[in-house]
Amino acid sequence: MTSIETYHTSAIAKLKNASLFIQDAFIDGHWVSNGDKFDVYEEPSTATVLGQVVSCSLEDFRKAIKSASLAQPRFFERTTAAGRGALLRKWHDLIIANKEDLAIILCLENGKTVSEALGEVTYAASFISWFAEEATRSYGVTIPSSSPNTSLMTIHEPVGVCGIITPWNFPAAMITRKIAPALAAGCSVVIKPPSETPFSCLALAKLAVEAGLPPATIQVCPTKDRQAATELAINPLVKKISFTGSTAVGKMLAKLSAETLKKVSLELGGNAPFIVFNDADIDLAVEGAMFCKFRCSGQTCVCANRFYVQSGVVKTFTQKLVLKVNALHMGAGLDTATTQGPLVNKAAVDKVQAHIADATSKGAKVEAGGSGHGSCGYFHQPTVLSGVSQDMQVAKEETFGPLAAIIVFEEEQDAIRLANDTEFGLAGYFYSKDVSRVMRVAQRMQVGMVGVNTGKISAAEAPFGGIKESGYGKEGSLYGLREYQTTKSITIGNLDTSA
Ligand code: SIN
C-alpha cells in the first residue's frame, strides 16, 4: 500500500485555481468565514486535517432559507426557461474548464481515486448540461374540455425553496443531480453538504455564481449538526426536500416533512442483486461485476451486494473474478497506481469485517482478500466470498464496502425469488444471452433500475431511483425536472366562440 502521508494538503497548494478551495459558508449571496468551524479530514479517514470549514448554526439555516425564499420568485420571474438553460450551460462549461482542480479537491476529501474523481466531475457536469436542455422542454399540455366554450391547459411552475441533503460518497454528482433540475425549474436551493466532504459543493457553488446564477438562489450551509436536516424538513418556507442517504434518515425526513406537506424525493439504501445465468457471457459479467461492486471501493448505493451465480458457471465466474480482484491496488487516491481508495471511517471497515466473520462462521469461504487495514486511513482489502447463503448477514444487509458475496442457484425462479427477498429495491443486474429471459427477468426484478449485461446504469438521461424501502422519486432523465415543479391546470371558461 502506498503511504498516504506522501500527499496531504500540499496538493491543495498546487491547484491551478486555488480560489476553488473554499472553507466558508455561502449564505444570502455572501461568503461567510467567521464563526465556529469544524475539521474536515483528508481521504477522509486519516488524522490529517484537509481544512476547517465554517459550521452553520440553525439560525444560519433559517437565514439562508429566508434569503432563498425571497430570491426564488425574482429568479423565476426574471428568467425564461432558455435563459436558465444558458446559465446552466455556462456553469457546466466552467466546471469542465476546472475539472482537474475539482477532481483533486474531490479525491482529497473523499479518498476515491483521482481517475474516479475526474469521472465523477464529468458525471456531475452532465446533469447540468442535461437539465440546461430539459429546462426548455418543460411542456404543459392542452386538454379537450368536457364543458362547452372552455379551454383547459397545464403549466409547470417551480415548487419554491428546495432543501438539499447529500452524502459523502459522491460529493459533486449528488449535488448537481439535485440542484441542476431545481435551478432549471426556477427554484432556489439551500444545501446541507456532507460534513465529511463539503469542499466540492462549495467549489461548485462558486462556479455557479461565476456563471451568473443569482447568488441567493444557491445557499450552502456546512454543518455537523443533525438538527439542520430537521430544520430543512420542518421550515414552512422550504417546499421540497431531496435527500440521498440511509433509509432510516429518509423515513425520518419524510415524517417531518409531512407536517408542512412538502414534496419529497428519497434516494435511499440498496442491496442490489447481480445474477449470472449459465447462458451469460462470463467475461462480460466479470467486467460488470468489477465495475459495479468495486467502484468507489464498494461505497455506492447501486453497488452489487449479492452475486447469484448459476451452478453451471459458478466455478469459472469465481475464478475469473478472483483474478481481477487480486489485481486491484489499495492506496491514496492521488497515487495513479491506486484502484481502491479507503473507506469512509472505521465503522465502515468494521461492517465489512462483521459480514465476513458472520459468513465464514456459517460456512462461507474467503476466495480473495478478507482483511482490513485500519492504521492509516481505513482500508479494506477487496474481498470475494464463495459458499454464501441467503441467511447470512451479507445477503440481508447492504455491506457498503468492497465485499462480493457469491451464492449458487439452480433455477431461474430461485434466482428471482432470492433477488427479491429484501426490503430494498434500488438496482438489480443480470447477465443472459436469452432474449426471452432478458425481458422476463427484467420485468420480475423488484427494483427501480435494472442493468442487463452491463454494470453501468447511471447516466444523466437515465431515470435514477428506487422502489420499496429504497425510496421514491426519480433523479436525472426527463422525469427529474418534475420533482422540482408543481403542475397547475388553467381552465378558461365562457369563451366567446360566436364571432
Ligand atoms: C449513489 O451511490 O447514491 C449514486 C450512485 C450513482 O449515481 O451511480
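This is a predicted model: local features need pLDDT of at least 70, side-chain atom pairs count only at pLDDT 80 or more; totals for chains, interfaces and linings use all residues.
Lys 468 has its place in strand E22, which spans residues 467-468. Phi of Lys 468 is near 50°, a positive value in a residue other than glycine. Most residues other than glycine have a negative phi. With a relative accessibility of 37%, Lys 468 counts as partly exposed.

Ser 477 also has a positive phi, near 65°, and is likewise a residue other than glycine. Ser 477 lies in the loop between E23 and E24, and with a relative accessible area of 0% this serine is buried.

### Domains and their interface

The domain assignment of the chain gives domain 1, made up of 11-268 + 472-486, and domain 2, which covers 272-459. The centres of domain 1 and domain 2, taken over C-alpha atoms, are separated by 31 Å, and the contact takes 23 residues from domain 1 and 25 residues from domain 2.

The size of an interface is often given as the accessible area lost when the parts come together. Domain 1 and domain 2 bury about 1800 Å² between them, with 64% of it on carbon and sulfur atoms. Of the area that domain 1 buries against domain 2, Ser 45, Thr 113 and Trp 168 supply 26%, more than any other three residues.

Which kinds of polar pairing does the rule find across the interface of domain 1 and domain 2? The rule finds zero salt bridges there, whereas four residue pairs are in polar contact, both residues of each pair being at pLDDT 80 or more. On the side of domain 1 that touches domain 2, helix H4 (99-110) and helix H5 (114-135) each supply at least two residues, and the largest share of that side, four residues, comes from H5.

### Salt bridges

| Pair | N to O distance | Burial |
|---|---|---|
| Glu 120 and Lys 112 | 2.6 Å | both buried |
| Lys 178 and Glu 475 | 2.8 Å | both buried |

Arg 62 lies in helix H2 (residues 58-78) and Glu 231 in helix H8 (residues 227-234), so the pair ties together parts that are 169 residues apart in sequence.

Lys 178 forms a salt bridge with Glu 475. Because Lys 178 lies in helix H6 (residues 173-185) and Glu 475 in the loop between strand E23 (471-472) and strand E24 (485-492), this pair ties together parts that are 297 residues apart in sequence. The loop between E23 and E24 is also where Ser 477 lies. Arg 177, Lys 178, Glu 267 and Glu 475 are linked in a network of salt bridges.

### Thr 176 in helix H6

Helix H6 also holds Thr 176, and at 0% relative accessibility this threonine counts as buried. What is Thr 176 in contact with, leaving aside its neighbours within four places in sequence? Its contacts are Trp 91, Ala 124, Phe 127, Ile 128, Pro 181 and Leu 204. By contrast, the C-alpha atoms of Thr 176 and Met 392, which are 216 residues apart along the chain, are separated by 37 Å.

### The two faces of helix H14

Helix H14 (residues 412-419) has as its buried residues Glu 412, Ala 415, Ile 416, Leu 418 and Ala 419. Where do these residues sit around the axis of H14? They cover an arc of only 165° around the axis, which puts them on the same side of H14. An α-helix has 3.6 residues a turn, so residues three or four places apart point the same way.

The buried residues of H14 pack against strand E12 (272-276), strand E13 (304-310), strand E18 (403-409) and helix H15 (435-444). The face of H14 turned away from its buried side carries the exposed residues Gln 413 and Arg 417.

Notes:
Residues are numbered from 1 along each chain as its sequence is written. Side-chain values use heavy atoms; hydrogens and water are left out. Buried means under 20% relative accessible area, exposed over 50%, partly exposed in between (1.4 Å probe, protein chains only). The arc is that of the directions from the helix axis to the C-beta atoms. Contact means heavy atoms within 4.5 Å. A salt bridge is a side-chain nitrogen of Lys or Arg within 4 Å of a carboxyl oxygen of Asp or Glu. Domain bounds come from an automatic or database domain assignment. Buried area is the accessible area (1.4 Å probe) that two parts lose on being put together, summed over both. A polar contact is a pair of N or O atoms within 3.5 Å; within protein, one must be able to donate a hydrogen and the other to accept it, and residues adjacent in sequence count only if both atoms are side-chain atoms.
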